[in-house]
Structure formats: C-alpha cells, structure tokens
Amino acid sequence: MNKLLKVVLTSAIVLSISTTVASANVAKGQKLYLKKLKGSCNINGAKMASQHSQDEWESFKENGKLADELKRICPKAPSKSLNNKYLEHYFDFFFEYANDSGNVPSC
C-alpha cells in the first residue's frame, strides 16, 4: 500500500509539473517581445499590448490572424520573430496587458 501511494503521488507531481512547463506564460511572452520585437516595433510592451482589447487579441488568435496583426503593427518585424512557436507566448503577454485589462507591464 505504501509503494502504491508513493507511485501515485510521484505521478501526480510529474504530471502537474509537465503541464505547467508546456503551457505558455505572460513572463515568457514579455521576454520574447523584448528580445525579438521591441527593436523593430519601436514601441514598448505596454503600448504594444494596449493596441487592442482582450477580446480583440483573442479573436486574432482564434482566427489565426495574430501574426498578420503583429506584422501590421510592426511592419519591420522579421518573419522569424513571428514564428508559430512564439505566438502563444506573445498572445499571453498581449492578452494580460490589453487596454481593457487594467494591468501595466514593466517594460
């Protein structure tokens, strides 16, 4: 019984850690924005995120138009910075600090 309990607890811990690591997050989106887009956009993260409301950012993501919208706002942004592997993180950052969220990033 003791071994079974240890196996179940270990499985639960591993599962919870793996799902956390696999998901995008706001801090990573902010770091990616600063590293990959800020220079070509010439605006800070707060102004970039406040370009749209949370609903608007969400609709861009759901319609697959997030990269297109980022390219519209930052025409000088390199295409490799708008790679699909970054879009989820950018979205989390922009959604968290959208103009209707009441949050302000520190970048």
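**View 1. The buried residues of helix α5 in this predicted model.** Let us start with helix α5, which spans residues 66-73. Its buried residues are Leu66, Glu69, Leu70 and Ile73. Looking down the axis of α5, you will find these buried residues within an arc of 100°, so they line one face of the helix. Their cover includes α3 (45-49), α4 and α6.

**View 2. Helix α2 packing against helix α6.** Here the two helices cross at an angle of about 105°, and their axes are 7 Å apart. Angles of 65 to 115 degrees count as roughly perpendicular, and α2 and α6 are therefore roughly perpendicular to each other. On the α2 side, the residues in contact are Val26, Lys28, Gly29, Gln30, Leu32, Tyr33, Lys36 and Leu37. They meet Tyr86, His89, Tyr90, Asp92, Phe93, Phe94 and Glu96 of α6. Sorted by class, the contact of α2 with α6 comprises eight nonpolar, three polar and four charged residues.

**View 3. The aromatic cluster.** Zooming in on the rings, we come to a cluster whose members are linked by ring pairs: Tyr33, Trp57, Phe60, Tyr86, Tyr90, Phe93, Phe94 and Tyr97. Across the structure there are nine aromatic pairs. Two of the pairs get their own close-ups below.

**View 4. Tyr33 and Phe94, an edge-to-face pair.** The ring centres of Tyr33 and Phe94 are 6.0 Å apart and the ring planes stand at 75°, so this pair is edge-to-face; planes over 60 degrees apart count as such. The pair links distant parts of the chain, with Tyr33 in helix α2 (residues 26-41) and Phe94 in helix α6 (residues 84-96), 61 residues apart. How accessible is Tyr33? With a relative accessibility of 0%, Tyr33 counts as buried. Phe94 is buried too, with a relative accessible area of 0%.

**View 5. Trp57 and Phe94, a stacked pair.** Phe94 returns here with another partner: Trp57 and Phe94 form a stacked aromatic pair, 4.7 Å from centre to centre and with 20° between the planes. Which parts does this pair tie together? Trp57 belongs to helix α4 (residues 54-62) and Phe94 to helix α6, so the pair joins parts that lie 37 residues apart in sequence. Trp57 has a relative accessible area of 0% and is buried.

Definitions and conventions: Residues numbered from 1 in each chain as written. Predicted model: local features only at pLDDT ≥ 70, side-chain atom pairs only at ≥ 80, totals over all residues. Heavy atoms only, no water. Phe/Tyr/Trp six-rings, centres within 6.5 Å; stacked < 30°, edge-to-face > 60°. Helix = DSSP H or I, 4+ residues; strand = E, 2+ residues; numbered from the N terminus. Buried < 20%, exposed > 50% of the residue type's maximum accessible area, 1.4 Å probe, protein only. Axes fitted to C-alpha atoms, helices over the stretch in contact; angles between N-to-C directions. Parallel < 35°, antiparallel > 145°, perpendicular 65-115°, else oblique. Contact = heavy atoms within 4.5 Å. Nonpolar A, V, L, I, M, F, W, Y, C, P; charged D, E, K, R; others polar. Arc of directions from axis to C-beta.
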